[in-house]
Amino acid sequence: MRLGVPALVLILLSGAALAHGPTPQKVDQSIVIAAKPDAVWKVVGEFAGIGTWHPDVARSEGSGGNASGGQRKVTLKAGGTLNEGLDEMNAAGRSYSYRLTDPDLKALPVSSYSATLTVSPEGDGARVEWFGRFYRGDTGNEPPDDLNDEAGRTAMNRYFAEGLKGLKAKVEGKAAP
Amino acid sequence: MTGGPVTGRFVLAALLVGLGPALGPGPGAAAARTVYVASQGAGTLVALAADATEAGAPLPVGRSPAQVVAGPEGRLYLTHPDTGTITVVGGADGSIRQTYSVPGQPFGIATSPDGAHLYVGDWAGHRVMRLSARTGALEGAVAVGREPAGLVLDRNGTLYVADRESRQVSVVDARTMTRKATIAVGTGPFALALNPARDRLYVANVRSGDVSVIDTVARRVVATFTVGGMPYGVAVSPDGGRIYVTDQRGGNLVVLDAEDGALRATVPVGRYPEGVAITGQQAYVANWFSDSVSVVDLRSLRETVRIAVPDGPRSLTVVPEDER
């Protein structure tokens with residue numbers, strides 16, 4: 001789907017409004033891959049290319065390029081869609097930062113997040129760190145169990161961990177798990 | 001201060017010394033001030049003595065403290081938006097003095113100079129409440145913009161509120177609790193800092209990645225300084241010449257010239273830095289993600305030590321020696 005500027009602005013506005021409760025949560029995953037950092041970055045550094053390595057992703061469609069302001073629409077195999085916007089692409093540093101532009105509780109039980117993915121040398125290989133901050137799905141003070149902090153932590157850490165396992169398998173040339 | 005009988009008015013630090021030798025300001029330390037750090041994930045407050053490389057023993061303060069502010073006589077007030085409470089730390093036994101239940105989601109907080117009142121933003125209620133600092137009783141409220149974040153009270157009784165989702169700063173008469181003006185700023189205003197002359201208010205805008213400079217007399221924006229990334233905290237040097245901005249995306253403390261916004265330095269700190277406080281020639285930065293506080297020397301513009309603190313530090317405050 002191509003979004004005109006007005007539609008995009010509306011999405012950004014709706015995503016920002018009431019997206020933030022006052023208590024942020026952490027997601028923090030990393031993995032070591034037996035490949036040069038540049039080889040890993042070649043796979044993971046294309047923002048809209050997450051569908052080629054994340055096993056939970058059915059498809060990913062990009063718009064706006066691989067630079068700040070670029071978007072990806074990530075459709076999950078289990079249902080739900082994540083519309084994410086690229087805040088910063090630092091290809092020289094093998095790192096990018098992005099955020100959720102509008103929540104979909106079917107995809108992940110969180111109301112907003114920002115995250116960074118970084119590839120750095122580790123011995124003869126590479127370490128990929130994928131970390132970020134999110135807010136639970138229901139930012140009120142009486143969230144139901146499936147939209148509380150713990151549900152968000154479980155889902156986000158699982159999604160990041162499974163993604164990194166898929167990335168490792170793809171880069172190391174093994175069958176996707 | 002010493003570990004002996006408590007003679008100062010503020011005694012939390014003294015109590016922490018009693019809990020262990022490496023905790024709090026040590027005997028004989030030339031402690032000009034103590035920095036207190038609230039950790040939202042851990043639900044604790046820790047003291048960082050001057051020149052210390054380790055934090056004092058964590059004091060449990062209840063679940064999810066978001067912001068901490070120092071009041072007169074060394075008292076500390078913490079907001080807990082998730083539980084709708086404010087805790088008061090300090091006083092004769094140096095521990096939790098009181099816990100107030102308050103309406104809504106208390107987040108930003110400021111104290112009146114005489115220590116009689118607390119001004120507290122209600123994040124989800126889009127208002128600022130005035131509470132009795134002594135009892136926690138609600139004394140009044142004023143509607144502001146959506147999701148009030150940082151609050152700062154000028155000693156002339158003017159309260160400034162960063163209305164995060166309304167892209168404005170509300171100007172409130174704290175005595176009458178009436179809103180006098182709104183000033184349009186950047187997107188996602190979160191943190192505020194007044195300069196020592198109180199004629200400039202610096203506003204860190206999370207989403208537009210810049211700092212709005214407000215002339216507090218004219219009540220309008222006179223400049224916008226580009227920072228980049230996600231500016232979540234701001235502080236001003238004691239001489240008013242520099243401003244210090246935490247950038248959560250880059251993990252940096254960004255140093256700008258207060259006059260023209262020129263970039264003076266980008267100092268790498270921990271991940272997702274938020275609160276920043278200045279004392280003497282040092283900046284203390286709370287690294288929310290990294291569970292640490294970076295101490296940055298303001299002359300060399302380098303991080304000199306990184307102090308581990310409990311999970312999720314977002315806010316810190318300085319208690320000067322003369323408050324004890």
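Author: Residues are numbered from 1 along each chain as its sequence is written, while chains are lettered from A and ligands numbered from 1 in the order in which they are written. This is a predicted model, in which local features need pLDDT of at least 70, side-chain atom pairs count only at pLDDT 80 or more, and totals for chains, interfaces and linings use all residues; side-chain values use heavy atoms, with hydrogens and water left out.

Strands here are DSSP runs of E with at least two residues, helices are runs of H or I with at least four, and both are numbered from the N terminus. In chain B, β4 belongs to an open sheet of four strands, ordered β4-β5-β6-β7 and paired antiparallel. Two strands count as paired if DSSP finds at least two bridges between them. The edges of this sheet are β4 (67-70) and β7 (95-101) of chain B; each has a single partner strand, so one side of each is left without a neighbour in the sheet. From one strand to the next the twist averages 20°; the axes behind such angles are lines fitted to C-alpha atoms (for helices over the stretch in contact), and angles run from 0 to 180 degrees between N-to-C directions.

The partner of β4(B) is β5 (residues 76-80) of chain B, joined to it by four bridges in antiparallel fashion. Across this pairing, B:Q67 faces B:T79 of β5(B), and B:V68 stands opposite B:L78 of β5(B). The two strands make a hairpin with five residues between them, and B:E73 in the turn has a positive phi of about 60°. As a general point, side chains in a regular strand alternate between the two faces of the sheet.

A pocket is found on a 1 Å grid over the protein atoms alone: it is an open set of points with protein on both sides within 12 Å along at least five of seven lines, whereas a cavity is a set where a 1.4 Å probe fits but cannot get out, and lining residues have an atom within 4 Å of a point. The volume of the largest pocket is about 1600 Å³, where grid points are joined across faces, edges and corners and the volume is the space filled by probe spheres set on the points. The lining has 46 residues, and those nearest the centre are B:V69, B:V152, B:L192, B:A193 and B:T317. At least two lining residues each come from β4, β8 (106-111), β12 (148-153), β16 (189-194), β20 (231-236), β24 (273-279) and β28 (313-320) of chain B.

Six bridges join β26 (residues 292-297) of chain B to β27(B), and the two run antiparallel. In this pairing B:D297 is opposite B:R302 of β27(B).

B:E147 is in the loop between β11 (138-143) and β12 of chain B, and its phi is about 55° although it is not a glycine. B:E147 is buried at 2% relative accessible area; buried means under 20%, exposed over 50% and partly exposed in between, with a 1.4 Å probe and protein chains only. B:D51, with a positive phi near 70°, lies in the loop between β2 (44-49) and β3 (59-60) of chain B. B:D51 is exposed, at 66% relative accessible area.

Strand β2 of chain B also holds B:L45, which is buried at 1%. The C-alpha atoms of B:L45 and B:L59 are 5.1 Å apart, although 14 residues separate the two along the chain.
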